[in-house]
Amino acid sequence: MSTPHVVVVMGVAGTGKTTIGPLLAAELGVPYAEGDDFHPPANIAKMSAGTPLDDADRWPWLDAIGQWAHGRAGLGGVVSSSALKRSYRDRLRAAAPGAVFLHLAGDRELIERRMAERKGHFMPTALLDSQFATLQPLAPDEAGVAVDVSGTPQEITARALAALRSPER
């Protein structure tokens, strides 16, 4: 990554977006924005109650993330967003055409275990199946890379940096 890109850290709940995003931003020397902070209160309430969001719930959230990413164009930044569907990533790219996606991917059992161990997060493990059902991995024509989430946060961040800096990206 020779020019400052906006990196969207994506993946299902529990993959470590909120952990890896700030570590990646620090390594790249750019600001980090927590995607959950862009959710309106109604979305948080809905997910807290165990109800998956629908597309109508997600569009304003994605637009707010896209607006932040657009404002960081040419400056660089890291933002988290589940960005589970291609259409969601397309919407983010429409606002921030240079965005690059970092898909944190992993085994369902590992992710469920990590979700069960975290404290104070609104997303219940009951919604994990709906997250995996919705997930459309990055297509070959999408700017981005997938990185396995096994290991420590530092190991995952190192793999992410290497993948993002790879000329094959």
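**Entry 1: H103**

I started at H103, which lies in strand β4; strands here are DSSP runs of E of at least two residues, helices are runs of H or I of at least four, and both are numbered from the N terminus. I was looking at a predicted model, where local features need pLDDT of at least 70, side-chain atom pairs count only at pLDDT 80 or more, and totals for chains, interfaces and linings use all residues. Residues are numbered from 1 along each chain as its sequence is written, and side-chain values use heavy atoms, with hydrogens and water left out.

Is H103 buried or exposed? I found 6% relative accessibility, so H103 counts as buried. The cut-offs are under 20% relative accessible area for buried, over 50% for exposed and partly exposed in between, with a 1.4 Å probe and protein chains only. Next I listed what H103 touches, leaving aside neighbours within four places in sequence: M10, G11, L135, P137, L138, V145, A146 and V147. Contact means heavy atoms within 4.5 Å.

**Entry 2: the sheet**

Then I turned to the sheet. It is open and has five strands in the order β2-β3-β1-β4-β5, with parallel pairing. Because β2 (32-33) and β5 (144-148) stand at the edges with a single partner strand each, one side of each has no neighbour in the sheet. Two strands pair if DSSP finds at least two bridges between them.

Which residues of β3 are buried on each side? I noted G77 and V79 on one side, V78 and S80 on the other, so that both faces are covered.

**Entry 3: helices over the sheet**

α3 (residues 55-71) lies across β1 (6-10), β2 and β3, at about 170 degrees to β3. α7 (residues 153-165) lies across β1, β4 (100-105) and β5, at about 155 degrees to β5. Axes are lines fitted to C-alpha atoms, for helices over the stretch in contact, and angles run from 0 to 180 degrees between N-to-C directions.

**Entry 4: α1 against α7**

How far apart are the axes of α1 and α7? I get 10 Å for α1 (residues 17-28) and α7, which pack at an angle of about 55 degrees. The two are therefore oblique to each other; under 35 degrees counts as roughly parallel, over 145 as roughly antiparallel, 65 to 115 as roughly perpendicular and the rest as oblique. From α1 the contact takes T19, I20, L23, L24, E27 and L28, and from α7 it takes P153, I156, T157, L161, L164 and R165. Sorted by class, I have eight nonpolar, two polar and two charged residues. Nonpolar covers Ala, Val, Leu, Ile, Met, Phe, Trp, Tyr, Cys and Pro, charged covers Asp, Glu, Lys and Arg, and the others, Gly among them, are polar.

**Entry 5: A83**

A83 has 0% relative accessibility, so it counts as buried.

**Entry 6: the whole chain**

Last, the overview. I count seven helices and five strands, running β-α-β-α-α-β-α-β-α-α-β-α from the N terminus on. Of the 169 residues, 43% count as buried.
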